[in-house]
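Colleague: Before I plan around this chain, could we go through its model together, beginning with a pocket and ending with the fold?

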Amino acid sequence: MSSRPPRPGHEHAVRQVLSGDARHVAPLVLGAVLTHNSPEGAVSVRITEVEAYLGPHDSPHPDPGSHTFRGQTGRNKPMFGPAGHLYVYFTYGMHYCANIVCGPPGTASALLLRGGEIVGGEELARARRPTSKSSKDLASGPARLATALGLTTADSGRDALGEPFRLELPVARARDISTGPRVGVSGAGGSHAYPWRFWLTGDPTVSRYKAAKVRPDRPEDAPGS
């Protein structure tokens, strides 16, 4: 899969799709395949679960669960950038989590890649995730997915539609999609008023739902974008 050259105009077409509202883009991304060609080799993940995150408190679409809710910072700056770029952050002093930026430049929004299935480079993914007990666990959860792909904060701001990355959208939109509140997001942003988690119904690689732990409200430490 990693050796297949991009089709003419493919990058532009994918970026056009990603330039929409993250909540509308989310169902279109389920089933897409993201590939990272690192120096260690290539790993490809079929995306089975995402969460949409939007903008600051003073924007047209304020999102109390988003890293951007209190405004732009050096850390979340990629979320305000061009669609198709990565926003990767380090959380709780342990894990990296990866997002794909959506919307037009200047409008903060992104999709957190919550879960996926390794469809290429499984041997390398297993080497990166030696504690995984089965293939379905390799990228089931945002931290596992980022680790399997070899993503770190050094990749934040890089274009996921150009080398060493590639994003192939599914040929047809998935028919059976579930939605619900986002995982582990504290406060109003994690409530049923924000049912912005999207997943392929019944897929074994979708992560389990967990409500947020009671802790001081620090949006930039939440497992969302």
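Colleague: How many nonpolar, polar and charged residues does the lining of the second largest pocket have?

Modeller: This is a predicted model, in which local features need pLDDT of at least 70 and side-chain atom pairs count only at pLDDT 80 or more, while totals for chains, interfaces and linings use all residues. Residues are numbered from 1 along each chain as its sequence is written, and side-chain values use heavy atoms, with hydrogens and water left out. Ala, Val, Leu, Ile, Met, Phe, Trp, Tyr, Cys and Pro count as nonpolar, Asp, Glu, Lys and Arg as charged, and the others, Gly among them, as polar. By these classes the lining of the second largest pocket has seven nonpolar, eight polar and one charged residues.

Colleague: Which of the 16 lining residues of the second largest pocket lie nearest its centre?

Modeller: A pocket here is an open set of points on a 1 Å grid over the protein atoms alone, where a 1.4 Å probe fits, with protein on both sides within 12 Å along at least five of seven lines, and lining residues have an atom within 4 Å of a point. Of the 16 residues that line the second largest pocket, those nearest its centre are Leu 54, His 61, Thr 107, Ala 108 and Ser 109.

Colleague: Is Ala 22 buried or exposed?

Modeller: Ala 22 is found in helix α2 (residues 22-29), where helices are DSSP runs of H or I with at least four residues, strands are runs of E with at least two, and both are numbered from the N terminus. Buried means under 20% relative accessible area, exposed over 50% and partly exposed in between, with a 1.4 Å probe and protein chains only. Because its relative accessibility is 0%, Ala 22 counts as buried.

Colleague: What covers the buried residues of α2?

Modeller: The buried residues in α2 are Ala 22, Val 25, Ala 26, Pro 27 and Val 29. Contact means heavy atoms within 4.5 Å, and the cover of these residues includes α1 (10-18), β2 (41-53), β5 (110-120), β7 (177-180) and β8 (197-200).

Colleague: What is the radius of gyration of the chain?

Modeller: There are four helices and eight strands in the chain. The radius of gyration is taken over C-alpha atoms, and the globule rule is 2.2 Å times the number of residues to the power 0.38. For 225 residues that rule gives 17 Å, and the chain is as compact as a globular protein of that length because its radius of gyration is close to this, at 16 Å.
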